[in-house]
Amino acid sequence: MKADRDKVVPLIKTARGQLDGILKMIDEDRYCIDISNQVLAVISILGKANKEIIRAHLAGCVKDSLTGGTPEEVALPGMDTKVRIDCI
């Protein structure tokens, strides 16, 4: 994995802790909306971790494997969309 581990690991550990908390809330039969809010918080944190992982993948793995195009804007094979590598 090329992503910054110092960014990703704490996010994943926080999400794991929140998931444990959610399981406890479910066992305690807590209010549904409170549980839902915690689920949304986990989704947000996992989204941040995923964004860093994908950013690193595009900036490293994909950029290294692409041929042709300019370094600023390249088309991914099989996709109609171009990705701006320099913005990542």
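Before the first click, a term you'll want: patches are made of residues with over 30% relative accessible area and no salt bridge, where like charges are joined within 9 Å and nonpolar side chains (Val, Leu, Ile, Met, Phe, Trp, Tyr) within 5 Å. Accessible areas here come from the Shrake-Rupley method with a 1.4 Å probe, and for residues only the protein chains shown count as cover. A salt bridge is a side-chain nitrogen of Lys or Arg within 4 Å of a carboxyl oxygen of Asp or Glu.

One more thing: this is a predicted model, in which local features need pLDDT of at least 70 and side-chain atom pairs count only at pLDDT 80 or more, while totals for chains, interfaces and linings use all residues. Residues are numbered from 1 along each chain as its sequence is written, and side-chain values use heavy atoms, with hydrogens and water left out.

**Stop 1: the patch**

Select Val 39, Leu 40 and Ile 43. Together they make a nonpolar surface patch of about 260 Å². Val 39 sits in helix α2 (helices are DSSP runs of H or I, at least four residues, numbered from the N terminus). Is Val 39 buried or exposed, or in between? Its relative accessible area is 35%, so Val 39 counts as partly exposed. The cut-offs are under 20% for buried and over 50% for exposed, with partly exposed in between (1.4 Å probe, protein chains only).

**Stop 2: the core**

Now pick Ala 15, Ile 22, Met 25, Ile 35, Val 42 and Ile 45. These six residues form the largest nonpolar core. Such a core is a set of buried Ala, Val, Leu, Ile, Met, Phe, Trp, Tyr and Cys residues joined through side-chain atoms within 4.5 Å. Helices α1 (5–27) and α2 each supply at least two residues of this core. Zoom in on Ala 15: neighbours within four places in sequence aside, Ala 15 is in contact with Val 42, Ile 45 and Leu 46. Contact means heavy atoms within 4.5 Å.

**Stop 3: the salt bridges**

How many salt bridges does the structure hold? There are two. For one of them, select Glu 28 and Arg 30, whose side chains meet at 3.6 Å, N to O. Glu 28 is partly exposed at 42% relative accessibility, and Arg 30 is partly exposed too, at 40%.

For the other, go to Glu 52, which lies in helix α2 (residues 32–65). Its partner is Arg 55, with the closest N and O atoms 2.9 Å apart. Both lie in α2, three residues apart, about one turn of the helix. Glu 52 has a relative accessible area of 8%, so Glu 52 is buried, whereas Arg 55 is partly exposed at 32%. Show what surrounds Glu 52: leaving out residues up to four places away in sequence, Glu 52 touches Ala 3, Asp 4, Lys 7 and Val 8.

**Stop 4: the start of the chain**

Finish at Lys 2, in the segment before α1. With 52% relative accessible area, Lys 2 is exposed. What does Lys 2 touch, not counting residues up to four places away in sequence? The answer is Ala 56, Gly 60 and Cys 61.

Lys 2 and Ile 54 are 52 residues apart in sequence and 9.4 Å apart in space. Lys 2 and Leu 58 are 56 residues apart along the chain, with 9.7 Å between their C-alpha atoms. Leu 58 lies in α2 and is buried at 19% relative accessibility.
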